[in-house]
Amino acid sequence: MNKDELLKMAVKAQNNAYAPYSHFKVGAAILTRNGKIYSGCNIENSSYGASICAERVALFKAVSEGEKDFLAIAIATDTKEPVMPCGICRQVLSEFAPNLKIYAINISGKVKEALLDQMLPDAFTKEDLEDIK
Ligand code: THU
């Protein structure tokens, strides 16, 4: 599985985005260590706070199928510049893959790469929960 295939899956998933409120359509595709890909799109709700980002849909689909080991995620948006995951998604992705590789692609095909641990330094983790005095 290469980067281009993962990006292509994210772009494809973007077609299913349900974003009647923001009109901001996002697609995501997450790659497991054993080579499987799970895709997702953002799904909004009339009760705005109940909306969910594409990245978490892709991750939760994978985790609900028993996956826990991830290598990379691709994110597709129709923006001028590639877009990185929001803060909530960074935290949620970090639970399973603190070293996740991130590829973001914009409408003209420009790709930006990043590493999750550089985008969420000093992340809150389960070890912090065990540190109560
Ligand atoms: N959104 C995502 O799906 N991923 C991101 O990384 C940023 C934001 C969605 C949430 C909402 O449906 C819309 O984009 C506008 O915030």
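The model is predicted, so local features need pLDDT of at least 70 and side-chain atom pairs count only at pLDDT 80 or more, while totals for chains, interfaces and linings use all residues. Residues are numbered from 1 along each chain as its sequence is written, and side-chain values use heavy atoms, with hydrogens and water left out.

**Exercise 1.** Determine which parts of the chain the salt bridge between Glu113 and Lys3 ties together, and classify both residues by accessibility.

*Solution.* Take a salt bridge as a side-chain nitrogen of Lys or Arg within 4 Å of a carboxyl oxygen of Asp or Glu. The closest N and O atoms of Glu113 and Lys3 are 2.7 Å apart, and the two residues form such a bridge. Because Glu113 lies in strand β5 (residues 111-115) and Lys3 in helix α1 (residues 3-14), the pair ties together parts that are 110 residues apart in sequence; helices (H or I, at least four residues) and strands (E, at least two) are DSSP runs, numbered from the N terminus. With a relative accessible area of 38%, Glu113 is partly exposed, and Lys3, at 32%, is partly exposed. Finally, Lys3 and Glu113 belong to a network of salt bridges that includes Lys101.

**Exercise 2.** Place Thr79 in the chain, classify its accessibility and describe its polar contacts.

*Solution.* Begin with the location: Thr79 is found in the loop between β3 (70-77) and α3 (87-96). At 16% relative accessibility, Thr79 counts as buried. A polar contact is a pair of N or O atoms within 3.5 Å; within protein, one must be able to donate a hydrogen and the other to accept it, and residues adjacent in sequence count only if both atoms are side-chain atoms. The side chain of Thr79 makes such a contact, of 2.7 Å, with the side chain of Thr77, and a polar atom of the Thr79 side chain lies 2.5 Å from the backbone oxygen of Glu81.

Conventions
Buried means under 20% relative accessible area, exposed over 50%, partly exposed in between (1.4 Å probe, protein chains only).
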